[in-house]
Amino acid sequence: MKRIVSAKEAISEIKDGSSIMVGGFLSCGVPDELIDALVEQNTKNLTMICNDTSYPNTDKGKLIVNHQVKKLVTTHIGTNPETGKQMNSGEIDVELNPMGTLVERIRAKGAGLGGVLAPTGVGTIIEQGKKTMEVDGKKYIFEKPLGADYALIYGTKVDKYGNVSYYGTTRNVNTVMATAADKVIVQADEIVDEINPNEVVIPGIFVDCIVKKEKEVQNV
Amino acid sequence: MELTLLSKEKTREIIAKRAAKEFKNGDVVTLGIGLPTAVADYIPDNMNVIFQSENGLLGIGKTISGENMDPRIINAGGICVEAKKGASFYDAATALTMMRGGHIDATVLGALQVDEEGSIASWMIPNKFVPGMGGAMDLVIGSKRVIVAMEHTNKGAVKIVKKCTLPLTAYKEVDLIITERCVFDLSQGILLLTEINPMFTLDDIKESVTADFTVADNLKYMDIN
């Protein structure tokens, strides 16, 4: 049985300078109430690993607007002008990764691999400063594994054993992030006694604690 | 002098309509954000093209608005969409496996610059405009066909160039360039002008690109109606 706690309690151990992964693609499948609690706690100098920085006033975007992020590892910042502004002023160090590379780096960490060989970005600035390797005549970039202290992820249904299932396009990067952090906190739309094992997307082994979303979920 | 014979709407329509002719029944296609998204509107009703997106939906249907909107089903642009019959949801690792792994038949995307070798720049103008690449780099190297659908110039500034000066999205991966003025094919290793909008002359094309190109023996007119 996993611990079921409040958002505030779950994120209370995240300290200044921690690294966090945050699930979601734009505002779909995001642990919004965990983020709100982190904004409230006002933890600073975070390293944030996420697919994008959403919009200025929503979920991941709030952590940028509230100046809590020092280093950002992501794939796209175009939907949040504040991220670009802080990048240009030197406040945030932004590392842009191709989406597939970011996902596989995280997956590698979670799977205990020493990195991945990605064809993506060969012949571009993504290749700069990295080792390359030829495999069967094709050039690849060596990309290192990427993990974090905490992963804040979303789940549509989570059972008491920490098993997670998803609805629609909400699973996105949540699944890989669940495997690659020292501590994984899942925000659940709904907590149930048991999920049919056939429908489990993230097995409970990866989850440390569960937070029930308080606000009403739209369009169930 | 910059020619302004076409409205913004007509320009987009010509490009999207032309790009929609590139698919065959059963193709799995990933569309970029913006103009390329409009390509879906011109697929003939009797043709089954399956649209894929990196946020986790294969079988994207029409845009949903009003009370039927479900924020848990979106496309890569963050717009609520319908999941069509036969659709599937998946995570980002699976999405990028489709894209990088050679499982997508064609992609249509916009660009800031394309050059005569087929290299494409689409994700940043240093110190000015840095949205990031998202899934575009994976898609361009992994997709079986890469179709660039873009306005011919950026308010008069040349986009089809000899060599890209902006940071690349991918090196030598573009197969076809479709603009409102012409179509260039790159599938044979050279930049070949295959179609021209009858509103423009060959000189207009020459003056509006800096890339060296060859004119196809059977140069055709684009359908602009």
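Helix α2 of chain B and its surroundings

Analyst: The buried residues of α2(B) pack against α5 and α6 (174–177) of chain A, and also against β1 (28–31), β2 (50–53) and α3 of chain B. This is a predicted model, in which local features need pLDDT of at least 70 and side-chain atom pairs count only at pLDDT 80 or more, while totals for chains, interfaces and linings use all residues. Residues are numbered from 1 along each chain as its sequence is written, and chains are lettered from A and ligands numbered from 1 in the order in which they are written.

User: Which residues in α2(B) are buried?

Analyst: They are B:A92, B:A95, B:L96, B:M98, B:M99 and B:R100. A residue is buried if 20 or more other C-beta atoms, placed from the backbone, lie within 10 Å of its own, exposed if 12 or fewer, and partly exposed in between. Helices are DSSP runs of H or I with at least four residues, and strands are runs of E with at least two, numbered from the N terminus. After α2(B) comes B:G102, with a positive phi near 85 degrees.

User: Why is A:I77 called buried?

Analyst: A:I77 has 26 other C-beta atoms within 10 Å, so it counts as buried. A:I77 sits in the loop between β4 (69–74) and α4 (81–88) of chain A. Its C-alpha atom is 7.5 Å from that of A:S54, 23 residues apart along the chain.

User: What does A:I77 touch, not counting residues up to four places away in sequence?

Analyst: A:I77 touches A:D52, A:T53, A:T83, A:G84, A:V94, B:P131 and B:G132. Contact requires C-beta atoms, placed from the backbone, within 7 Å.

User: How many residues does the contact take from chain B and from chain A?

Analyst: Chain B gives 32 residues and chain A gives 35 residues. On the side of chain B that touches chain A, α2 (92–100) and α3 (136–142) of chain B each supply at least two residues. α2(B) gives the most, with five residues. That side divides into 19 nonpolar, seven polar and six charged residues; Ala, Val, Leu, Ile, Met, Phe, Trp, Tyr, Cys and Pro count as nonpolar, Asp, Glu, Lys and Arg as charged, and the others, Gly among them, as polar.

User: What makes chain B as compact as a globular protein of that length?

Analyst: The radius of gyration of chain B is 17 Å, close to the 17 Å from the globule rule for 225 residues, so chain B is as compact as a globular protein of that length. The radius is taken over C-alpha atoms, and the rule is 2.2 Å times the number of residues to the power 0.38. Buried residues make up 46% of the 225 residues in chain B.

User: Why does one side of β6 and of β7 of chain A lack a neighbour in the sheet?

Analyst: The open sheet of three strands has the order β6-β8-β7 (chain A), with antiparallel pairing. β6 (116–118) and β7 (132–135) of chain A are at the edges with a single partner strand each, so one side of each has no neighbour in the sheet.

User: How do you know that β7(A) and β8 of chain A pair?

Analyst: Two strands pair if DSSP finds at least two bridges between them. Four bridges join β7(A) to strand β8 (residues 138–143) of chain A, and the two run antiparallel. In β8(A), A:K139 is the bridge partner of A:E134.

Definitions and conventions:
Two residues are in contact if their C-beta atoms, placed from the backbone, lie within 7 Å.
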